[in-house]
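Hello,

Here is the structure for your files. My notes on it come after the coordinates.

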Protein chains: 2
Amino acid sequence: MAEKVTIATVARHARVSRQTVSNVLNSPHIVRQETRQRVQDAIDALGYRANQAARQMRTGRSRLIAARIDPTRDGINGSVLDRFLHGLTETADAAGYRVLLYTATDDAREIATYGDLLGTYELDAFVLVGTKYGDPRTEWLADRDVPFVTFGRPWDALDAHPWVDVDGAAGTAQATRRLLDTGHRRIAFIGWPDGSGVGDDRRAGWRESLRAADVDPSGLHRETEDGIAEGERLMRDLLDAVAPTAVVCASDSLALGALQAIRGTDQNVSVIGFDDTPVAAAVGLTSVSQPLGDAAARCVDLLTGVLDGDHETPDPVLLQPSLALRHTA
Amino acid sequence: MAEKVTIATVARHARVSRQTVSNVLNSPHIVRQETRQRVQDAIDALGYRANQAARQMRTGRSRLIAARIDPTRDGINGSVLDRFLHGLTETADAAGYRVLLYTATDDAREIATYGDLLGTYELDAFVLVGTKYGDPRTEWLADRDVPFVTFGRPWDALDAHPWVDVDGAAGTAQATRRLLDTGHRRIAFIGWPDGSGVGDDRRAGWRESLRAADVDPSGLHRETEDGIAEGERLMRDLLDAVAPTAVVCASDSLALGALQAIRGTDQNVSVIGFDDTPVAAAVGLTSVSQPLGDAAARCVDLLTGVLDGDHETPDPVLLQPSLALRHTA
DNA sequence: TCCAGAAACTTGAACGATCCAATCCTGCCT
DNA sequence: AGGCAGGATTGGATCGTTCAAGTTTCTGGA
């Protein structure tokens, strides 16, 4: 069993002091080229790797980023998180950070977990997925000057923090325009009740696009909690009430329900969902696709900016979604 | 800004030495009840949390477990990992461990990542999801005495390591028996090519159940790479060739394809998938459901056994799946 | 040749916890 | 009363790294 290779081992091997080895690693420019090479060779030869715990003890930085993994509520829209996490791990890795997982069942517990993670692991930053009006989590973190990014806008716009989001309104607008372009006029919308930032945003994209095309959107939309059964119910209602020729949905779950409602009748109604989940791909549902890998990468960018660089709050990032065309629209 | 609370702060506050505080945390039984209480009160009052980096430096243990997050191949079967990871995070947390994510595109890179994680973060253990014949990863880890568990059996049975798995054969057997019980006889199977441990296992469950019911399985099965399109293609083939009245599939992707093939015809064929993914729930597909949360918990159990306890290799765990009945069978 | 000043490198201390060995009590037995 | 066993407590050393301050080496100009 080979004994542990520390910075002292490398120093001995390269006939320099510990500090010089440390400098080669952290501020290479202040070490003479020749020495630097000698140290580097020793590092390679011995397979030395800096011990993160020791480094952390001195610098107070863990190079660890926390992200929450959810219990996959309905499973369909949950897969968004899965893809985001993968992107996050990949880009964080490239930037020299690693992703630590945590779970929590409610906001209070989540905040307690923050305290724990910060206290025992000295986490460098948090990535929060999803935000809501008056989110207590962002407030807690901001109060303590803990670096964090949210994937999702701060809907109250109270205090500014770095965020990355996908332009939901642009997504539904794109979907609606696509339907208008293919000749539809009575284009309905199935979404979520007033008050959720994300839901209101997605509805707005649909509404404005209709208005821009001189179509009156009133009466053409329905709101409900998310879910397949709910989507089916509301679609039935819409078919009876206004007989739309197309429908834009705020989620793939709702869209899937709508598809089932339509299958019952003999009408030909176009359907577009949101999130481009695996289910959408599976059943051939046209859906608004979020650039999740990109979003994750931008989150890491913002964080490293805050962590390694200046104290300025970096500009938020709003990404554009695209339409994954399949055979339902 | 409050200054950092260390073990010395607590000691001063409780009028004891640092060592006593450490004992209260690590070996409470050797401290007198009264003193222990006084120290505990100080800890609570000050909100002290042991610094993991410092502890790790002395003990060499990070209380970190690594798990890989994949790029969600086809997205449908990938969601299994998602649910497993959540379970893992939850139970690891309860056992005082945290889950660190990593990614890798191939075995060589994954092994390189092991070296990196072990060297810089001194990871305590790895959880590998999925194993194959002659897996180089398990060999590498075993050679270096790195604790690890696999979710998935070692198919070569070369060297024994702790593992947790779900009995796939039992799952397909259960599915097949269900179909036999409801009157089916010509029950087909769509699975993966020979040579994948998981695939062969699932096929075996179907075959043995048919044989036990005196049905000849020959000609009733087809093999292909995973995927919806492939499932559809093979189901068409089966319908033409042997006109089965039911089919058991090795994955929900294949089952979904089979459903699409059947929808084209007017035949009434029962379909059962495997993995009980969100998609299955969405389209009402009966599917074999793996107890993922349970599996994750058992993985943590095995690991903590190895880490905190004895040096014996713990007995592997084989969990039984259940059938999620929906309206396709 | 000499010296100032910069560049390159070295040394001792510190981060916060645990381990080890030594000391201090306390109560009990003779 | 004295001695002793045993548990409870203490101070010092240590893990591997970086920071701060010190020392040596190099360079170039008078």
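Predicted model: local features only at pLDDT ≥ 70, side-chain atom pairs only at ≥ 80, totals over all residues.

DNA strand C

There are 26 residues around DNA strand C. Those that come nearest are Thr35(A) from chain A, and Thr6(B), Ile7(B), Ser22(B) and Ala54(B) from chain B. Both chains have helices at this surface: α2 (18–26) and α4 (52–59) of chain A, and α2 (18–26) and α4 (52–59) of chain B, each supply at least two of its residues. By residue class, the surface near DNA strand C consists of 10 polar, nine nonpolar and seven charged residues.

The sheet in chain A

Chain A has an open sheet of six strands with mixed pairing, in the order β7-β6-β8-β9-β10-β12. Its edge strands, β7 (221–223) and β12 (322–324), each pair on one side only. On average, neighbouring strands are turned by 20° against each other, with direction ignored.

Strand β10(A), residues 286–289, runs antiparallel to β12(A), and three bridges join the two. Ser287(A) has Ala324(A) as its bridge partner in β12(A).

Two helices of chain A pack on this sheet. Helix α10(A), residues 228–241, touches β6 (187–191), β7 and β8 (246–249), and its direction makes about 150° with that of β6(A). Helix α11(A), residues 252–264, touches β6, β8, β9 (270–274) and β10; the angle between its direction and that of β9(A) is about 160°.

Regards

Terms used
Residues numbered from 1 in each chain as written. Chains lettered and ligands numbered in written order. Near = placed C-beta within 6 Å. Helix = DSSP H or I, 4+ residues; strand = E, 2+ residues; numbered from the N terminus. Nonpolar A, V, L, I, M, F, W, Y, C, P; charged D, E, K, R; others polar. Pairing = 2+ DSSP bridges. Axes fitted to C-alpha atoms, helices over the stretch in contact; angles between N-to-C directions. Contact = placed C-beta atoms within 7 Å.
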